[in-house]
Amino acid sequence: MNNAVRNRMKSVRNIQKITKAMKMVAASKLRAVQTRTENSRGLWQPFTALLGDDPSVDVKKNVVVTISSDKGLCGGINSTSVKISRVLNKLNSGPDKETKYVILGEKAKAQLLRDSKKQIALSLTELQKNPLNYTQVSVLADDILKNVEYDALRIVFNKFHSVVQFLPTVATVLSPEVIEREAESGGKLGELDSYEIEGGETKAEILQNLAEFQFSCVMYNAVLENACSEQGARMSAMDSSSRNAGDMLDRLTLTYNRTRQASITTELIEIISGASALEG
């Protein structure tokens, strides 16, 4: 019994060392990416002011871009993104409508392959193998735009607020044709026609360039926000695991000491009984 408890204590102590180390690594990675995340927020805000971010817009071809992590042990951030992606798929489904998935990250890919394999247009992993920069993400965004036809791109990610708080978010990027249609119908993009166009480019060409640039900027921010949320969630998960390992270690130590005490008491009783028998 004592050997089994001792072995269990040793394995729990080793697990606690690993979780503490993982928490420290996550904290270091979070500090490295947090400043770039906060700076990237200023990139997409002018586009939202100009082109809007209307999640309720009704279009035929929807592409849900789900951003997740490649590694686990980071709480429920990946499951949350997948749930929201599935809800968007249901909300935008219909007889004349088509919804496709573009997946970034191994964890979302593993979950969506189970029930939506035919709807996955593109899947990319190991995005965070190297430090994230705008050039890398803009090439990725260009690759997505070349491989899918869309009226609306709906980017699902976790917006970073603090180490213990992240907000599941959906950003919407419309195609140039839909932007023009919405502007002409006098909807939320009605003010777009009030701008004057200078130079040799047509309005359609400018909208095409704006839509592509908007998508790359939103993607850059979304990928960084999700990376921050991942490290923050991993820090919290590893901290919780370390505390749980500590509690388990306390309980096992108590069990070990009680068992040891009981065996010592039994041995003492046997010695005293033997001595009494010899005296008698």
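**Reading pockets, rings and cores**

Mentor: Let's begin with open space: the largest pocket holds about 480 Å³. This is a predicted model, where local features need pLDDT of at least 70 and side-chain atom pairs pLDDT 80 or more, while totals for chains, interfaces and linings use all residues. Residues are numbered from 1 along each chain as its sequence is written, and side-chain values use heavy atoms, without hydrogens or water.

Trainee: Which residues lie nearest the centre of the largest pocket?

Mentor: On a 1 Å grid over the protein atoms alone, a pocket is an open set of points with protein on both sides within 12 Å along at least five of seven lines; a cavity is a set where a 1.4 Å probe fits but cannot get out, and lining residues have an atom within 4 Å of a point. Points join across faces, edges and corners, and probe spheres set on them fill the volume. Here 19 residues line the largest pocket, with K29, Q128, K129, E230 and Q231 nearest its centre.

Trainee: Which element supplies the largest share of that lining?

Mentor: Elements are DSSP runs numbered from the N terminus: helices (H or I, at least four residues) and strands (E, at least two). For the largest pocket, α1 gives the largest share of the lining, 7 residues. Both α1 (2–51) and α6 (203–279) supply at least two residues each. By type, the lining has 8 nonpolar, 3 polar and 8 charged residues; Asp, Glu, Lys and Arg are charged, Ala, Val, Leu, Ile, Met, Phe, Trp, Tyr, Cys and Pro nonpolar, and the others, Gly among them, polar.

Trainee: How many cavities of 30 Å³ or more does a search of the whole structure find?

Mentor: The search finds 1. The largest cavity has a volume of about 70 Å³, and residues including I67, D70, L104, Q128 and N226 line it. That lining divides into 4 nonpolar, 5 polar and 1 charged.

Trainee: How many aromatic pairs are there in the whole structure?

Mentor: Rings of Phe, Tyr and Trp (its six-membered ring) pair with centres within 6.5 Å; planes under 30 degrees apart are stacked, over 60 edge-to-face, the rest tilted. The whole structure has 2 aromatic pairs. The ring centres of Y134 and F213 are 6.5 Å apart with planes at 90°, so this pair is edge-to-face. Y134 is in helix α4 (residues 134–147) and F213 in helix α6, so the pair ties together parts 79 residues apart in sequence. Y134 and Y220 also pair edge-to-face, at 5.6 Å centre to centre and 90° between planes. Y220 is in helix α6 too, 86 residues from Y134.

Trainee: Is Y220 buried or exposed?

Mentor: Relative accessible area under 20% is buried, over 50% exposed, and in between partly exposed (1.4 Å probe, protein chains only). Y220, at 10%, counts as buried, whereas Y134, at 27%, is partly exposed, as is F213 at 41%.

Trainee: Which residues have the most contacts inside the largest nonpolar core?

Mentor: Such a core joins buried Ala, Val, Leu, Ile, Met, Phe, Trp, Tyr and Cys residues through side-chain atoms within 4.5 Å. The largest has 47 residues, and L104, I144, I155, F215 and M219 have the most contacts inside it. α6 gives the most to this core, 13 residues.
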